[in-house]
Amino acid sequence: MYDLADWDLAHAPTPAASLEPALLLNATYEPLRVVSWRRAVVLSFIDKVEVIDVYPRRIHSVSTSLALPAVLRLRHRAPLRVREVPFSRTNVYARDALTCQYCGDRLAPHLLSYDHVLPRTRGGRTDWSNVVTCCIPCNRLKGDRTPEEAGMPLARRPHRPAQLFLGSLGRLGIPAPWQPYLPAPAG
Ligand SMILES: [Zn+2]
């Protein structure tokens with residue numbers, strides 16, 4: 001087993017925890033998941049995995065250095081297991097890009113709330129298809145009504161995010177080396 005403890009950043013101002021993650025592709029080049037840089041380094045030493053692209057950044061150990069992996073590919077096709085994106089407040093905010101789905105204001109998380117499109121009191125479920133990011137004033141204004149009743153149309157219909165969920169990349173955005181392997185931007 002490769003010992004990751006030997007690796008660290010030399011002369012790098014960025015805290016190691018915030019290094020760029022890597023995109024892991026199936027043998028058929030379909031994106032499988034996003035992995036942390038630590039995991040990516042470990043994977044890059046495994047024969048079953050091929051490094052397709054790297055970042056300009058290098059990481060160093062005592063004896064050698066390595067370009068930080070940006071895109072990795074499994075040499076043999078992994079059975080596609082559907083990994084559902086867990087439903088949570090944070091993931092709803094990420095899906096909606098911290099934007100109130102009624103008035104379009106983009107706000108810090110502590111100024112946001114979430115809204116049941118069909119109110120809970122009327123059987124609305126707490127899931128991806130019925131919960132949207134909402135600012136506090138819109139939440140109060142809408143109250144126990146549907147968007148139609150309140151005259152507050154939704155920016156878009158809520159849905160479960162795609163298997164490969166990039167919302168959590170936050171301010172990092174989508175790294176350039178990943179672009180050729182990603183489908184059209186997730187809506
Ligand atoms: Zn609002």
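**Sheet, cores and selected residues of the predicted chain**

Leu72 touches Ala22, Leu24, Leu25, Ala40, Leu43, Ser44, Val49, Glu50, Val51 and Ile52, leaving aside residues up to four places away in sequence. Two residues are in contact if their C-beta atoms, placed from the backbone, lie within 7 Å. The model is predicted: local features need pLDDT of at least 70, side-chain atom pairs count only at pLDDT 80 or more, and totals for chains, interfaces and linings use all residues. Residues are numbered from 1 along each chain as its sequence is written.

Confidence was examined through pLDDT, the predictor's confidence in each residue, from 0 to 100. The chain has a mean pLDDT of 82, with 79% of its residues at 70 or more. Over residues 1–14 the pLDDT is below 50. This stretch has 17 contacts in the model beyond near neighbours in sequence. Where pLDDT is low, the predicted coordinates should not be read in detail.

The chain contains four helices and six strands. Helices (H or I, at least four residues) and strands (E, at least two) are DSSP runs, numbered from the N terminus. From that terminus, the order of elements is β-β-α-β-β-α-β-β-α-α. Among contacts between residues at least 6 apart in sequence, 58% join residues at least 24 apart. Of the 187 residues, 21% count as buried. A residue is buried if 20 or more other C-beta atoms lie within 10 Å of its own, exposed if 12 or fewer, and partly exposed in between; C-beta atoms are placed from the backbone.

Four strands form an open sheet of mixed pairing, in the order β2-β1-β4-β3. Strands pair if DSSP finds at least two bridges between them. β2 and β3 are the edge strands, each pairing on one side only. Neighbouring strands of the sheet are turned by 30 degrees against each other on average, direction ignored. Helix α1 packs on this sheet and touches β1, β2, β3 and β4. Its direction makes about 80 degrees with that of β4. Axes are lines fitted to C-alpha atoms, for helices over the stretch in contact, and angles run from 0 to 180 degrees between N-to-C directions.

Strand β4 (residues 65–74) has two partners with opposite senses. With β1 (residues 22–25), β4 pairs in the parallel sense over three bridges. Here Leu23 stands opposite Val71. With β3 (residues 49–60), β4 runs antiparallel, joined by eight bridges. Four residues separate β3 and β4, which form a hairpin. Val54 has Pro69 of β4 as its bridge partner, and Glu50 stands opposite Arg73.

The buried residues of α1 are Trp37, Ala40, Val41 and Leu43. Seen down the axis of α1, they fall within an arc of 165 degrees, so they line one face of the helix. The arc is that of the directions from the helix axis to the C-beta atoms. These buried residues pack against β1, β2, β3 and β4.

The largest nonpolar core has 16 residues, of which Ala22, Val71 and Leu72 touch the most other members. A nonpolar core is a set of buried Ala, Val, Leu, Ile, Met, Phe, Trp, Tyr and Cys residues joined through C-beta atoms within 7 Å. β1, α1 (37–44) and β4 each supply at least two residues of this core. A second, separate core of 11 residues includes Ala94, Val131, Val132 and Cys138. In soluble globular proteins, nonpolar side chains tend to be buried together.

Cys138 lies in helix α3 (residues 136–142). Cys138 is buried because 21 other C-beta atoms lie within 10 Å. Cys138 touches Cys100, Tyr102, Cys103 and Met152, not counting residues up to four places away in sequence. Cys138 and Cys100 are 38 residues apart in sequence, and their C-alpha atoms are 8.1 Å apart.

Two loop residues were also examined. Glu30 sits in the loop between β1 and β2 (31–35). Glu30 counts as partly exposed because it has 15 C-beta neighbours inside 10 Å. Glu30 and Leu182 are 152 residues apart along the chain, yet their C-alpha atoms are separated by 7.9 Å. Arg122 lies in the loop between β5 (112–116) and β6 (131–135). With 10 C-beta neighbours inside 10 Å, Arg122 counts as exposed. The C-alpha atoms of Arg122 and Arg145, 23 residues apart along the chain, are separated by 9.2 Å.
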